[in-house]
Amino acid sequence: MANLSVNIGGLELNNPVMTASGTFGYGEEFTPFIDIDRLGAYIIKGTTLNPRQGNDYPRMVETPAGMLNAVGLQNKGVDYFIEHIYPRIKDYKSNLIVNVSGANVEDYAETARRLHPLEGVKAIEVNISCPNVKEGGMAFGTTTSGAASVTKAVREAYPDKTLIVKLSPNVTSIAEIARAVEAEGADSVSLINTIMGMSIDVERRRPHLSTITGGLSGPAVRPVAVRMVWQVAKAVKIPVIGLGGIMNGRDAIEFMLAGARAVEIGTANFVDPAVTMKVIDFMEDYCTRHGISDINEIVGCV
């Protein structure tokens with residue numbers, strides 16, 4: 001059987017399959033459907049320094065080949081996570097990664113600092129690309145200076161553990177943003193986050209979402225995501241994690257051929273809660289059919 005293990009900025013994964021933040025809860029919700037320990041890693045929902053109520057309803061709407069969401073990073077804050085949720089999920093064998101967001105640079109750094117001592121948290125994914133919040137979020141991910149400033153501050157607060165930075169597709173040159181965070185100490189980049197979109201109820205003559213615009217995810221964004229992963233993989237030396245509309249194993253392999261060393265599965269979890277297991281099975285079968293002894297051999301082949 002082929003070796004499926006990959007290394008993401010010093011973090012060893014037993015296979016390239018990860019879950020995308022915001023689509024997998026805290027992992028425990030999926031235990032009736034999958035074996036979490038079989039995942040390469042699972043990334044929990046966005047965590048902020050202080051509690052957030054999220055945006056007003058409605059904040060989700062189905063679109064052709066995807067969905068728009070404007071949840072707004074609803075969570076009870078990092079201290080609640082550390083005290084109440086972390087003890088329940090820290091003992092899974094799969095790598096636990098916390099997605100971190102903030103309203104300002106100091107928030108990001110302080111959240112990372114509080115998570116650093118937790119042995120069960122193997123890495124953090126810094127979200128500088130969320131389009132669904134009024135402050136912070138995407139504002140940091142759309143300029144090289146903003147992305148660099150957050151990465152530098154978090155790197156100082158979160159030394160010697162794996163730091164992943166999640167990039168926004170809502171930019172002119174995603175490769176420039178990737179190089180900026182690499183220069184400030186990011187161990188890996190993940191991309192893409194959702195694309196800004198809008199949907200209107202023509203009968204009521206008003207937007208479907210309370211926030212008017214939201215983040216588009218699902219199969220509709222995949223060709224854009226694959227293109228951006230390909231561009232970034234050629235621009236940086238650190239590992240790239242690909243995501244955006246992965247619905248099956250074939251989609252995941254496409255990202256790896258474009259240069260991703262690992263993949264995150266998001267919206268597909270809502271359609272099929274066991275999709276991650278099927279993707280791992282497909283990777284094993286793909287390597288067997290193509291005579292591949294190590295899945296790293298296919299990374300960046302295109």
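**Surface first**

I began with Val202, which is exposed, because its relative accessible area is 64% (exposed means over 50%, buried under 20%, partly exposed in between, with a 1.4 Å probe and protein chains only). This is a predicted model, where local features need pLDDT of at least 70, side-chain atom pairs count only at pLDDT 80 or more, and totals for chains, interfaces and linings use all residues. Residues are numbered from 1 along each chain as its sequence is written, and side-chain values use heavy atoms, with hydrogens and water left out.

I found Val202 in the loop between strand E12 (200–201) and strand E13 (206–207) (strands are DSSP runs of at least two residues, helices of at least four, numbered from the N terminus).

**Pockets next**

How much space lies in the largest pocket? I noted about 670 Å³ (a volume is the space filled by probe spheres set on grid points joined across faces, edges and corners). On a 1 Å grid over the protein atoms alone, a pocket is an open set of points where a 1.4 Å probe fits, with protein on both sides within 12 Å along at least five of seven lines; lining residues have an atom within 4 Å of a point.

I counted 37 lining residues for the largest pocket, with Ser21, Gly22, Thr23, Asn69 and Thr194 nearest its centre. Strands E4 (41–47), E6 (66–69), E14 (213–217) and E16 (262–265) each supply at least two residues of this lining.

The second largest pocket holds about 150 Å³ of space. Strand E5 gives the most to its lining, with 4 residues.
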